[in-house]
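Here's a quick briefing to read alongside the model.

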Amino acid sequence: MSWGSELWDQFDNLEKHTQWGIDVLEKYIKFVKERTEIEMGYAKQLRNLSKKYQPKKNSKEEEEFKYTSCKAFQSTLNEMNDYAGQHEVVSENMASQITAELTRYVQEVKQERKSHFHDGRKIQQHIETCWKQLEASKRRFERDCKEADRAQQYFERMDADINVTKADVEKARQQAQLRHQMAEDSKGDYSLSLQKFNHEQHEHYYTQIPNIFQKLQEMEEKRIVRMGESIKTYADIDRQVIPIIGKCLDGITKAAEGIDQQQDSKLVIEAFKSGFEPPGDVEFEDYSQPMKRTISENSLSNSKSEGKGEAKFGVKSRGKLWPFIKKNKGTGPEDFSNLPPEQRRKKLQQKVDELNKDMQKESDQRDALTKMKDVYIKNPQMGDAASVDQKLAEIEQNISRLQLEVQKFEGWLAEVEGRLPVRNEGSRRQSAVFEAQNNSTVNNNCAQDRESSPDGSYTEEQSQETEVKVTPTEFDDEFDDEEPLPTIGTCKALYPFEGQNEGTIAVEEGEVLSVIEEDKGDGWTRIRRNEDEEGYVPTSYVEVFLDRNAKGAMTYI
């Protein structure tokens, strides 16, 4: 198959294709160049890593390398240094054998391509000039023939007119003969121009253009072969260092096999053995007789004095652990059932809105593709209408999936909005307990590790049993001496709350209690029953009515 015979009319496409081939080669050169940079950077990092963990001279680390395990580690570092050297070899060989060689070759190909297409354009300009000359001679022959016809008709009118003199008739006859002669001359010129153009056209399409296209084909095939050889060289360069890298790894394995745990144990004995004998039996000291005890130099009596300097503090504080200190770091259920009703409603509504937005995007994309398909159907030359069918099918599937998701979340949302009484008593109790243990998802402030106490203050470490230098009595006195908080309103329990955690209080549904501290943003309200029983309940489980004189007219659920 020859480009000259098969692609005689594809001059522009061949120009684009050969340029594309050069671009591919340059892309491959860039790839190899980046690979060499990676190899060199990797080798440098390996060398720095090996150097970093080498023992420093005249240091304790150097003494540690007498153990066989440390010697194996030392050998590993040395082998890794040699391993890095092989990556440097790969980088250098690729840079010299591939990058540099192909860069020079690309310049040669560009110059050769430029020369061939320059010759091709000259040939095209020549054939276009011949065509213009042919058209000019053709138009001139056509014009002379029309002039000759008009002159002949004029002569015939003059000859038939009896009022015209013989001189005028003779003049018209001579003019007609002149025009006929000019037409014959133009005919001859047109014939010669036509023969010349046909000859030039035959040479153009059967000799000159095929020769240039054949040279371009040979150039392109050489480029392909050269790229294939470079890819093979790329693999060979890596393959050449594999045996040496294998030797490095073998050296590491040999060093690991040379580790002798018994030898290291002997070295430990040699390093730390004192040489003293263990102390003997302690003699009986008879205080009824003069003491004749022989004090052993190896006695352990000195050890009695050790450990007497222990600190007398370390009493753990008895700070209360409030339920909202507990964090729930795991991912919650899909229906947000771990949240209070109002926050669950917000989360579900947010999820529904997100799904609707996604569904709207899919619908817009479907509408756009549908319009595009209609355009393709009306104008097939602009594109294939069947090409968008698969994408439309995928979008329809996505829309169906999103619709099911929306229905699912809207169902849960409907359960929360106005249908809470439908839930049974057990589920509400379970939600109450769950919220008390996971309220960190309700309170954004708790996400910052806020740890609250009954008086509204918070510390950073109250939830941990840290050692403090105060006695339990001091802490209890400070806690118990607090003045009772005044009542600022009342509340009605919407749901039962068991209050199983310390610091909380159990309430029954419909029970009316006193509010002594409103929600400070952490999701909990402090209430009091009678005068001696108080604690915290989730704010979302009560309806609060604040005293107008205390906080102004405010009612929230």
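This is a predicted model: local features need pLDDT of at least 70, side-chain atom pairs count only at pLDDT 80 or more; totals for chains, interfaces and linings use all residues.

Buried here means under 20% relative accessible area, exposed means over 50%, and partly exposed is in between (1.4 Å probe, protein chains only). A salt bridge is a side-chain nitrogen of Lys or Arg within 4 Å of a carboxyl oxygen of Asp or Glu.

Residues are numbered from 1 along each chain as its sequence is written, and side-chain values use heavy atoms, with hydrogens and water left out.

**Around D144**

- D144 is part of helix α4; helices (H or I, at least four residues) and strands (E, at least two) are DSSP runs, numbered from the N terminus.
- Leaving aside residues up to four places away in sequence, D144 touches R179, M182, A183 and S186, where a contact means heavy atoms within 4.5 Å.

**The whole chain**

- The protein chain has 11 helices and 10 strands.
- It runs to 557 residues, and 30% of them count as buried.
- Take the contacts between residues at least 6 apart in sequence: 71% of them join residues at least 24 apart.
- The accessible surface of the protein chain is about 37,200 Å², with 50% of that belonging to carbon and sulfur atoms. Accessible areas come from the Shrake-Rupley method with a 1.4 Å probe, and for residues only the protein chains shown count as cover.

- The average pLDDT of the protein chain is 78, and 76% of the residues score at least 70; pLDDT is the predictor's confidence in each residue, from 0 to 100.
- Residues 291-329 stay under 50 in pLDDT, and the model has 65 contacts beyond four places in sequence for them.
- Residues 419-481 also stay under 50, with 120 contacts beyond four places in sequence in the model.

**Nonpolar cores**

- The largest nonpolar core holds 31 residues, and Y28, M94, I98, F213 and L216 have the most contacts inside it. Such a core is a set of buried Ala, Val, Leu, Ile, Met, Phe, Trp, Tyr and Cys residues joined through side-chain atoms within 4.5 Å.
- Helices α2 (11-52), α4 (68-160) and α5 (166-257) each supply at least two residues of this core, and α4 gives the most, with 11 residues.
- Not counting residues up to four places away in sequence, L216 touches W3, H116 and F117.
- There's also a second, separate core of 16 residues, including L348, L355, M359 and I399.

**Salt bridges**

- The structure holds 22 salt bridges.
- E39 and R35 pair up through their side chains (2.7 Å, N to O). They're 4 residues apart in helix α2, so about one helical turn separates them.
- E39 counts as buried because its relative accessibility is 9%, and R35 counts as buried because its own is 15%.
- R35 also forms a salt bridge with D238, with the closest N and O atoms 3.1 Å apart. That pair links distant parts of the chain: R35 is in helix α2 and D238 in helix α5, 203 residues apart.
- D238 counts as partly exposed, at 24% relative accessibility.
- R239 and D236 form a salt bridge too (2.8 Å, N to O); both lie in helix α5, 3 residues apart, about one turn of the helix.
- D236 is partly exposed, with a relative accessible area of 27%.

- K187 is found in helix α5 and is partly exposed, at 46% relative accessible area. K187 and C145 are 42 residues apart in sequence and 8.8 Å apart in space, C-alpha to C-alpha.
- R173 is in helix α5 and is partly exposed, at 27% relative accessible area. R173 and M158 are 15 residues apart in sequence and 9.0 Å apart in space, C-alpha to C-alpha.
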